[in-house]
Amino acid sequence: ADPAELGEYFSHPAWLVKAWLTQFGPAGTRALLEWNQQPAPVYARWRPSATADAPPASLKPTRWEGFLEVPSGHWAEVEPLLRTGKLYLQDPATRLPVELLAPRAGESVLDLCAAPGGKSLLLADLMTAGTAPNESTAGQLVAVDQPGVRIDRLKENLSRAGNLDVALVQADLLGPDVAGVLREHRLPSSFDAVLLDVPCSNTGVMRHRVDVKWRLQPGDFRKHPQQQLSMLHAAARLVAPGGRLVYSTCSIDAEENEQVVRAFKAGKAGGPFTLEKTVVSQPWTAGHDGGGAFLLRRSA
């Protein structure tokens, strides 16, 4: 398979096609290129914790529990459900790192890089599942992200977290003292469970973001992993003994997934951590967006 020909036919840069051919082989690369050219369905997650109602019949069930496909022409029905928090627009791929972290009622959970808040809301729903309204044992969720335009959306989503102690902290994970910022807010500086969903190349979500393939440069696959590794080191310092850390991306490329985790494990900071489980979602086989999620556990 010639990268330039495939790139021209499927409207992708040749250098990216060449990298994928090395990583996924001709059949996988062609399946990925075909996938990226298809229109993306709109998916939404139904939130039983926010309502006792059943989803409208117009929303189509999918093979992923709790996720529904929103057909076109039903926005008038969907919009009020989004406004009241019964429904949240979300690709099924977003469930993978959250389910891998498996937060439980009563735990302290930290969501880093939390905006716009879809994963925070899913964390909250899992923590409050089965707890009675106003029950104080649901636990504590702390969402952290940098100040910016997405913070308002994160605030709005966290306001729908139900009977859970939720805190929003605006801070830079790579700043000099994130633990100190948390303490200033009278919050813990170590947590039972930490989710780190890092900024990445977005190669797993190109069907939604068609501009990405033309904005990406070969150097991004050197730059992103360096930042991701720094963030993973910073996140690891916030994990309590015996606690869990999930590193996740919406990239399908090994440089941002397995290689970052391997570099972390090879360093001194990775010593107390064991890699317990890996989930890498390839869109053409998963049927939804792609990405990687890695469950690391700190020794007690």
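An open sheet of seven strands, ordered β7-β6-β5-β8-β9-β11-β10 with mixed pairing, is present in this predicted model. Its edge strands are β7 (165–170) and β10 (273–281), each of which pairs on one side only. From one strand to the next, the twist averages 15°. The model is predicted, and local features need pLDDT of at least 70, side-chain atom pairs count only at pLDDT 80 or more, and totals for chains, interfaces and linings use all residues. Residues are numbered from 1 along each chain as its sequence is written, and side-chain values use heavy atoms, with hydrogens and water left out.

**Sheet and packing helix**

- Helices (H or I, at least four residues) and strands (E, at least two) are DSSP runs numbered from the N terminus, and two strands pair if DSSP finds at least two bridges between them.
- Strands β5 (residues 108–112) and β8 (residues 191–197) are paired in the parallel sense over four bridges.
- Within this pairing, D111 stands opposite L195 in β8.
- Helix α6 (residues 151–158) packs on the sheet and touches β6 (140–145) and β7, where contact means heavy atoms within 4.5 Å.
- The direction of α6 makes about 175° with that of β7; axes are lines fitted to C-alpha atoms, for helices over the stretch in contact, and angles run from 0 to 180 degrees between N-to-C directions.

**Backbone geometry**

- Most residues other than glycine have a negative phi, and most peptide bonds are trans.
- The peptide bond from A115 to P116 is cis, with omega near 5°; P116 lies in the loop between β5 and α5 (118–128).
- S11, in the loop between α1 (3–10) and α2 (14–36), has a positive phi near 55° although it is not a glycine.
- S11 is partly exposed, with a relative accessible area of 31%; buried means under 20% relative accessible area, exposed over 50%, and partly exposed in between (1.4 Å probe, protein chains only).
- A102 is another residue other than glycine with a positive phi, of about 50°, and its place is in the loop between α4 (95–101) and β5.
- A102 counts as partly exposed at 35% relative accessibility.

**Salt bridges**

- The whole structure contains 13 salt bridges, each defined as a side-chain nitrogen of Lys or Arg within 4 Å of a carboxyl oxygen of Asp or Glu.
- D53 and K86 meet through their side chains in a salt bridge (3.1 Å, N to O).
- This pair links distant parts of the chain, 33 residues apart: D53 is in the loop between β1 (42–46) and β2 (60–61), and K86 in the loop between α3 (75–83) and β4 (87–89).
- D53 is partly exposed at 44% relative accessibility, and K86 is partly exposed at 21%.
- R83 and E79 form a salt bridge whose closest N and O atoms are 2.4 Å apart; both residues lie in helix α3, four residues apart, about one turn of the helix.
- R83 is exposed, with a relative accessible area of 52%, whereas E79 is partly exposed at 30%.
- E276 and R297 form a salt bridge with closest N and O atoms 2.8 Å apart.
- Because E276 lies in strand β10 and R297 in strand β11 (residues 291–298), this pair ties together parts that are 21 residues apart in sequence.
- E276 is partly exposed at 41% relative accessibility, and R297 is partly exposed at 29%.
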